[in-house]
Every structure is written in C-alpha cells, then in structure tokens.
Amino acid sequence: MNPFDKYQFESFSLKGDLTVLSATHEPEEFPHREEQIARMADAMSSLLLGMKSSHLILYGKTGTGKTSVTKFVTSKLSEKIGGNLTVCYINCQNYDSPYSILVFIARTLLGPEIVPQSGWTLDRIYEELVSGLKNLKKEIIIILDEVDKLVEKNGGDSLYLLLKVTDENPGVSGSIIGITNDTAFYEKLDPRVKSRLNKESIVFPPYNSEQLRDILLPRVRRVLGDENYDETAVNLCAAIGAQEHGDARKAIDLMRVAIELALRDSAKKVTREYVYKARDNLEIDIM
C-alpha cells in the first residue's frame, strides 16, 4: 500500500503558486510600509549622486517587514544605479564574529576564491578586503540582519571593524543597514562605535489586524482565486497575527498551512475551521 494514495487533492485547484505564502517570497508591494520605504529612499538617495549615504538602523518586532522592505529598496536602488552598486546581505545569527563577517563579505563581493580555504589572519583579510573594494570601485551596502546578535556576542568589535572598512578608507564608499528587534540596541553600543555610526533610525511598527488583512488578501487571491476561501478565514489569520505582536509572517504561515490542510481533506474551500487547525498544528509542543 502506498501511503500517498489517499491524497487525491480533488477539492479545488490552486490558481497560483503556494510559495507566495512562504517565507522565501519577496513581494513587490508593501501595504502600510510606504512611509518606511520613502524614508529609506530619502536616506540612500545621495548614492545616486555618487555621495556617501548615512548608515541606517531599522527597528521593529519580528514579522513587521524590515528585511523584506530592505531587500526591496536596495534592489530598486540597484536598478537605478546599475552596475555601480553591490549589496551584501548577512544574517548575524549565522555570521557572528569579526573573522566570519569579513570572510563572508570578501567572498561575496570579491569572489569565493579571494580567501583560501586554509584561511588568513584577521588583519590580512581586512587588508585584502579594503584593497579589493578599492579596485572594485562600486558603492557598497552591507545589510546586517539581526545585528543585535552580532553585538551581543562580540561587543562592538565586528561593527567597529565594518565601520572602519566603509568610513576610513579613501576609495571605499559604503553604508551599513542594521536590522534589529531590540529597541535598546543603540544604547548598548560602546562609545567608539557610536562615534562612528552616523545613522538614521527607522521604526517598523506592528501591523494591526486590518493591515494584515490587506497584506494577506492579495496573496490568497493569487493562490486560490476569488471563490475557494471564506473571507472570515483571512480575517481570522489577520486577527491571530495581530495578537502575535502584529506578525505578518505568522499570519501568512497560518494561511498557507490552512490551505494545505483543506487540500488534504479535499474540502471545497478554505474556512475558519482550517485556520484553527493550522494554528493548533503550528503551536504543538513536541517533547
């Protein structure tokens, strides 16, 4: 017996790709983040003139759009500037030391062969990175996602080193975008980092249920069309996401799992009941 025989998926057909409800989907529209996008564009507009941009610190709870908006804005800036801009995205959960940060940036911006597998000293990597960036002759944007993790582990050493790369080397023009959910992040920095971090702060407030509904509904329609869901299911996902500190990621995950459960049951449409089942599935504690 094949355990997959029972999954016929004859309830309704998906009108679009379910990945628009996944964490990897990068949207082109950001309802209720127009102000943050405009402020980021203002701060980085000097790059269009070949001038240095301010560093940015983005604050907001999980699921408030900080990372997605940052990738969107920097991609649009790349379109405008063309080949004269290069962007390096770093998740500081994975790269959390001065050495790993510099190696990752060097290999991303200058090529994977720049640092041999046998490794170099930190000073050698710094020198090679600066030399390579001078020869690259491009504007550099370094995105540090969860930058507070970097500071928690190493104090200000990693951030101080990156600021030296971008701010103290003639011929290297770069800016840093730090993303954090720690509202006290800046106050925890030591004075030597603060003195170099000429930054602008942008806050991403939590979404309310109506805003989350505006985010969810276009995606749901792309996946299901106009008839294969109850609007109360979308409203419930939005309400639960709003209760979870305005977390859009939570609301989107709930909707995706609810659709998957409805498909497995060969249901005629996605209803509130499937949202409740999805919530229970996502919140099960495994001992």
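Me: What makes strand 3 and strand 4 a pair?

Reply: Two strands pair if DSSP finds at least two bridges between them, and seven bridges join strand 3 to strand 4, which run parallel; the pair therefore meets the definition. Strands here are DSSP runs of E with at least two residues, helices are runs of H or I with at least four, and both are numbered from the N terminus. This is a predicted model, in which local features need pLDDT of at least 70 and side-chain atom pairs count only at pLDDT 80 or more, while totals for chains, interfaces and linings use all residues. Residues are numbered from 1 along each chain as its sequence is written, and side-chain values use heavy atoms, with hydrogens and water left out.

Me: Why are strand 2 and strand 5 said to stand at the edges?

Reply: The five strands form an open sheet in the order 2-3-4-1-5, with parallel pairing. Strand 2 and strand 5 each have a single partner strand, so one side of each is left without a neighbour in the sheet.

Me: How do you know that Asn 228 is buried or exposed?

Reply: Buried means under 20% relative accessible area, exposed over 50%, and partly exposed in between, with a 1.4 Å probe and protein chains only. Asn 228 has a relative accessible area of 13%, so this residue is buried, although Asn 228 lies in the loop between helix 8 (209-224) and helix 9 (231-243).

Me: What is the distance from the backbone oxygen of Leu 224 to a polar atom of the side chain of Asn 228, and what makes it a polar contact?

Reply: The distance is 3.0 Å. A polar contact is a pair of N or O atoms within 3.5 Å, where within protein one must be able to donate a hydrogen and the other to accept it, and residues adjacent in sequence count only if both atoms are side-chain atoms; the pair formed by Leu 224 and Asn 228 is therefore listed as one.

Me: How does the span of helix 2 compare with the expected one?

Reply: The expected span is 1.5 Å times one less than the number of residues. Helix 2 (residues 66-81) has 16 residues and reaches 22 Å from its first C-alpha to its last, close to the 22 Å expected. Helix 2 is followed by Gly 82, whose phi is positive, near 85°.

Me: Which residues touch the most other members of the largest nonpolar core?

Reply: A nonpolar core is a set of buried Ala, Val, Leu, Ile, Met, Phe, Trp, Tyr and Cys residues joined through side-chain atoms within 4.5 Å. Of its 36 residues, Ile 105, Leu 144 and Leu 159 touch the most other members.
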